[in-house]
Amino acid sequence: MWLSETDTLTVPQHAAWPRALLRRWAVRAGLLLAALAFAALWAYPLLGFLLSAWMPHVLQGDLRMTLAPLRKAAQGYALHALWNSLWVALLVGALALPLGAWLAWLRVRTDLPARGWIEAGVWLLLIFPDFFLASGWMLLAAPIGPLAHWPAALRLAQLLLGPAGIVITLALKTMPYVYLVTQGSLQNSSAALQEAARVHGLSRAWRLRLALAALLPALAAGFAIAYAESLRNFAVVATLGASSGFTMGTYAIYQAVNGMPLNFPLAAATAWLLLALVLPAMGLQGLVGRRAALHQTLGSKHRPAARVRLRPAPKAVHAALLLALGLFALVVPTLAALGVAWPQGGWAQIAGALPPLLAAVAYSLELALAAASATVLIALPVAWLIARPGRLGRALDTVLLAMMALPLIVLAAAYLQAYNQPYAPLYGGSLLLGMAYVALAVPASSRVLLGPVAQLHRALGDAARVHGLSRGQTLRHVHLPLLAGPLFYAWLLAVLTIAFEMPASELLYPAGHPPLAVALLQYAGGFQLHQQALLQVLGMAVLLAFALLAHWAYQRLTPAAWRQLGVSNRT
């Protein structure tokens, strides 16, 4: 029987109708799942916690308002902690700014020999866990530490166990951020400005003033980052401040939700006041950024400024200062841990202490692997949405930036309050700790993936559809090979970040299963210095070995064509 022309047209339409309906329902299910994940990971815990500053029983359905928590946070212990946070953050910014700018100037604008090592040292300091650095100072100043036979040096090292050590540690940890933002501006600085200043006979002081004015946006951004990161930090304060009685805003929040009775409204009010301290730095950065157009030098006729030829004497001074900074920031705390880690009993005592240490490292690594995998699965579509034009992408970008500015202890306290309810009894299990890890890691991982995802042109998807590939086939055969490298490194960075995480680990870990950071803090608080040093050395060694093994596996198991695509895509 012959089909009419109308029949031949309607048969494919009827055949395609179920597929279109299924696709539509799949999209709706995916959006619903994404909304539920967003609510569970961020919206529900954070809104419930922050609103409890005015409505202490909001999670129980009681909407009565009070200002008592805010009044209590603005006096006494909490106010003193916030004042300490303010002056410490200002001092850290004032120290990190010249150090980072000096390193960037040596790296970009001088002919200092072996200046490439500056970049390596900065990145090593950036990925070195902050509480490992603080733990190194504790071990250096310990009675059984490497300075035990030099009383004068030991007394000097013990000054690091308090506000001085906190300021120095935070300055060293935030210095790389100043270096990175200043390095870009120095690389783009134009030779025309300085040449014009010399032609008009300006003195060296005036030329320096002009150069600093051109760097003002980058310097303001570096100061704002160092200031904000100091306000957000918890690990250094918990390691160096707790033993000396010196407290800051993040530790005051921790005390409010870790003592008896739990005081979530006071913690939320303190969190609001701590967030308010960040606003002046953000305002300064915004003001300078709006005036950055006055200092634009990068154009079609741009010529980079020539390197400064250092004389032998200044060159030797800069090299000696660089060596001293590297030794103080990285080598000394590492050697202090190595020196204390070796007990008097030798290998026999080490073998007896290993089982609980290995259990802490293994538990952290196990959770990090699972949480990092979930993080990448969430971060990739988030980066995809941000890279696409539209209101949803702009809203997500704003939310992620706000999350990155939020102190990690605030999110951990929010999880403790939100999931310790009769209708959400997740507290005390590994699932809640893993959820917190994912919520903490997604913002940074999304920013890491945003650049590579934004480079993928829409024409790739259009060409794939023209050749008959479905969306799944396009993702598997086109987008995944191009994003294989960024996805792997985002996953590896998330694994290492989560394995060293302290705020959520300290508040949410299951009883009897302390992660790496919690076990290290417990040994430090119990003055079990051998175990503390051994765990620090063991944790760094295991995680470094894992990173090298993962990189080797990626190079061996990933198809060579994928790696070549990743290289060509980056270039």
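Is Arg64 buried or exposed? Arg64 counts as exposed, because its relative accessibility is 63% (exposed means over 50% relative accessible area, buried under 20%, partly exposed in between, with a 1.4 Å probe and protein chains only).

## Basis of the model

This is a predicted model, in which local features need pLDDT of at least 70, side-chain atom pairs count only at pLDDT 80 or more, and totals for chains, interfaces and linings use all residues. Residues are numbered from 1 along each chain as its sequence is written, and side-chain values use heavy atoms, leaving out hydrogens and water.

## Salt bridges

The whole structure holds four salt bridges (a side-chain nitrogen of Lys or Arg within 4 Å of a carboxyl oxygen of Asp or Glu). One of them joins Asp62 to Arg64, at 2.6 Å from N to O.

Another joins Arg107 and Glu119, at 3.8 Å from N to O. This pair links distant parts of the chain, with Arg107 in helix α3 (residues 76-109) and Glu119 in helix α4 (residues 116-127), twelve residues apart (helices are DSSP runs of H or I, at least four residues, numbered from the N terminus). Arg107 is partly exposed, at 24% relative accessible area.

Arg232 also forms a salt bridge, with Glu229, and their closest N and O atoms are 3.1 Å apart. Both lie in helix α10 (residues 216-232), three residues apart, so about one helical turn separates them. Arg232 is buried, with a relative accessible area of 14%, whereas Glu229 is partly exposed at 27%.

## Two leucines

Leu323 lies in helix α14 (residues 312-341) and is exposed, with a relative accessible area of 56%. Leu496, in helix α20 (residues 471-499), is partly exposed at 23%.
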